[in-house]
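Welcome! Please take a look at the structure below, and then we can walk through it together.

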Amino acid sequence: MIYFDSDYMAGAHPEVLKRLVETNTEQTVGYGCDDYTKRAVELIREACGLPEARVQLLVGGTQTNATLIDALLARHEGVLAAETGHIAVHEAGAVEASGHKVLTLPSHDGKVAAEEVEHYIEEFYRDETYEHMVAPGMLYISQPTEYGTTYSKAELEALAAVCRKAEIPLYIDGARLGYALAAEGNDLSLKELAALADVFYIGGTKVGALFGEAVVVRDPKRLPHLFPLVKQHGALLAKGRLLGLQFEALFTNGLYEKIGQKAVAQALRIREAFRAKGYEVVVPSPTNQQFFRLPNEVIDRLKQEASFELWGPRGATETVVRFVTGWSTTDEDVDQLIAML
């Protein structure tokens, strides 16, 4: 069986695992106060071009989103997001459980449009009864989106301008950021993204780590008490060096970039193979997630040897499916899938 369900099914990239094994018997202080974590923080600041940024390492994506969104919002505020956004669909109401409503916007292949964000905010405050409603207190986007699509530099600049005008923070979920940076046609560097987002995170769980996400707060004054807020949310890892070691490895010798490049290259091979066989490519994704519409009999045949996800309910005769690649996807895996087609 070959697996294309997601990019976190295998353990850790060998270089990451090597660092964990090498240091396994060492004794270090906890909660991210160790030297490995300090080194990882400096490597991330350097990569982002933000020498004064606050960097906080957390364990998982939903945990990170729920913690940071709660920290950024006032009690009466909600978070704007695409109707297909991860926090709106696949986080089991984690944001709402913290007391904040997800305020959904139209999705354009997973993305939100700057003019629609601006229109929502303007119309909200044009309503004389707005004090009775949940205020739009921040904007959430992901890079790449749930559909594998990416924001261009111009699109992100437009969103950042809307947020600055409205005086709300722009928060970017970067669970798969490594694949966006390696995407076909990408014109947005990590430093450029870091300069536009108020808060974002660099995903490790889906990009070569056993677990871990690195939150970057461009201006530490925005979240002056982030550490205790993380602990309040049960998101503070006592063995913090396990996070630090992994991000130290990911940001040494370009490993993070290499993982993204390899996975995207494999995904594009899969896309071209399906396209060559005449199957519909549902979303123009340039990243490691690829979506196709397949006849159910083809799905059933492929499922005998390959594992992948149905993207939504199974249709009467055909269904949209998702194939995802990661650091552990081999040439042989892709060759086998292509041969099955």
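**A buried ring and its surroundings**

F291 counts as buried, at 1% relative accessibility; buried means under 20% relative accessible area, exposed over 50% and partly exposed in between, with a 1.4 Å probe and protein chains only. This is a predicted model, in which local features need pLDDT of at least 70, side-chain atom pairs count only at pLDDT 80 or more, and totals for chains, interfaces and linings use all residues. Residues are numbered from 1 along each chain as its sequence is written, and side-chain values use heavy atoms, with hydrogens and water left out.

Q: How is the ring pair of F291 and W311 classed?
A: Rings of Phe, Tyr and Trp (its six-membered ring) pair if their centres lie within 6.5 Å; planes under 30 degrees apart count as stacked, over 60 as edge-to-face and the rest as tilted. The centres of F291 and W311 are 5.2 Å apart and their planes stand at 70 degrees, so this pair is edge-to-face.

Q: How many residues apart in sequence are the parts tied together by F291 and W311?
A: F291 belongs to strand β10 (residues 289–295), while W311 is in the loop between β12 (309–310) and β13. Helices (H or I, at least four residues) and strands (E, at least two) are DSSP runs, numbered from the N terminus. The pair therefore ties together parts whose separation in sequence is 20 residues.

Q: In which order do the four strands of the open sheet lie?
A: Two strands pair if DSSP finds at least two bridges between them. In this open sheet the pairing is antiparallel. The edge strands, each pairing on one side only, are β9 (280–281) and β12. The order is β9-β10-β13-β12.

Q: Is R322 buried or exposed?
A: R322 has its place in strand β13 (residues 318–324). Its relative accessible area is 6%, so R322 is buried.

Q: Which residue has a side chain joined to that of R322 by a polar contact of 2.7 Å?
A: A polar contact is a pair of N or O atoms within 3.5 Å; within protein, one must be able to donate a hydrogen and the other to accept it, and residues adjacent in sequence count only if both atoms are side-chain atoms. A polar atom of the R322 side chain also lies 3.0 Å from the backbone oxygen of D5. The side chain joined to R322 at 2.7 Å is that of Q289.

Q: How many aromatic pairs does a search of the whole structure find, and how is the pair of F274 and F323 classed?
A: The search of the whole structure finds 14 aromatic pairs. For F274 and F323 the ring centres are 5.2 Å apart and the planes lie at 50 degrees, so the pair is tilted.

Q: How many residues apart are F274 and F323?
A: F274 is in helix α12 (residues 255–276) and F323 in strand β13, so the pair is an example of a link between distant parts of the chain. F274 is buried at 0% relative accessibility, and F323 is buried at 1%. The separation of F274 and F323 is 49 residues.
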